[in-house]
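Hi there,

Here is the structure I promised to pass along. Have a look at it first, and then read on for my notes on what turned up.

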Amino acid sequence: MKLTFLGTRGEIEARTRRHRMHSSLLLSYRRARVMIDCGLDWLGKFERLHPDAIVLTHAHYIGDGATLTRSFVRKRGHTLIGHATVRTQLGWCTKEGVPRAVITHCGSEIVTGDEHKLTKKLKALAAERGVKASIAYDGMKLTLR
């Protein structure tokens, strides 16, 4: 198994040569390649990575918190920070040719909501974009082929 730290910068403006891209990790094992997280600055760079799936760990809520369709972006001073909606992130997967997404680090909408309805909604959003998507849960095991 190989771990490649693609980015190590958080939601800050400061960039250095060693910390210029938003946090992301590529896990490679045999022929499987899984990208863990990707910020907006990763758009257009998937061609060289060719991930089989992306695990999105920051689909958490802000405020009263919807998770799938409500924006996670907010302002800090004059800077926008936060995360795009899961719907938007699935669109990025489509645009970049990534066939699968797994949502983790779930907010209150998922944790306390009707799991069946939310799963159905997520699968519909993903299907509209030609992506397979699922919501992770504690103890979940996933095999990529």
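This is a predicted model: local features need pLDDT of at least 70, side-chain atom pairs count only at pLDDT 80 or more; totals for chains, interfaces and linings use all residues.

**Two packed helices**

The crossing of H2 and H4 is right-handed. Their axes, those of H2 (residues 86–96) and H4 (residues 115–128), come within 9 Å and cross at roughly 35°. On the H2 side, the contact is made by Val 86, Arg 87 and Leu 90. H4 brings Leu 122, Leu 125 and Ala 126 to the contact.

**The protein as a whole**

The protein has 145 residues, and 37% of them are buried. It contains 4 helices and 8 strands. If you follow the sequence along, they come in the pattern β-β-β-α-β-β-β-α-β-α-α-β. Its accessible surface comes to about 9,300 Å², and carbon and sulfur atoms account for 53% of that. As for contacts between residues at least 6 apart in sequence, 46% of them join residues at least 24 apart.

**The sheet**

How many strands form the open sheet, and in what order? There are 6, arranged S1-S2-S3-S4-S7-S8, with mixed pairing. Strand S1 (2–7) and strand S8 (132–135) stand at the edges with a single partner strand each, so one side of each is left without a neighbour in the sheet. From one strand to the next, the twist averages 20°.

Here is a walk across the sheet, with some residue pairs to look for on your screen:

- S1 and S2 run antiparallel and are joined by 5 bridges. Leu 3 stands opposite Leu 27 in S2.
- S2 (residues 24–29) and S3 (residues 32–36) are also antiparallel, with 5 bridges between them. Leu 25 has Ile 36 in S3 as its bridge partner, and Ser 28 stands opposite Arg 33 in S3.
- S3 and S4 (residues 53–56) run parallel, joined by 3 bridges. The bridge partner of Met 35 is Ile 54 in S4.
- S7 (residues 100–103) and S8 run parallel, with 4 bridges. Arg 100 stands opposite Lys 132 in S8.

Both of the helices I started with pack on this sheet. H2 touches S4, S7 and S8, and its direction makes about 155° with that of S7. H4 touches S7 and S8, and the direction of H4 makes about 155° with that of S8.

**Two residues with positive phi**

Arg 30 is found in the loop between S2 and S3, a hairpin with 2 residues between the strands. Its phi is near 55°, which is a positive value in a residue other than glycine. Is Arg 30 buried or exposed? The relative accessibility of Arg 30 is 74%, so this residue counts as exposed, the cut-off for exposed being over 50%.

The other one is His 50, in the loop between helix H1 (46–49) and S4. His 50 is not a glycine either, yet it has a positive phi of about 50°. Because its relative accessibility is 54%, His 50 counts as exposed too.

Best wishes

Terms used: Residues are numbered from 1 along each chain as its sequence is written. Side-chain values use heavy atoms; hydrogens and water are left out. Axes are lines fitted to C-alpha atoms, for helices over the stretch in contact, and angles run from 0 to 180 degrees between N-to-C directions. A crossing is left-handed if the near helix is turned anticlockwise from the far one by less than a right angle, and right-handed if clockwise. Contact means heavy atoms within 4.5 Å. Buried means under 20% relative accessible area, exposed over 50%, partly exposed in between (1.4 Å probe, protein chains only). Accessible areas come from the Shrake-Rupley method with a 1.4 Å probe; for residues, only the protein chains shown count as cover. Two strands pair if DSSP finds at least two bridges between them.
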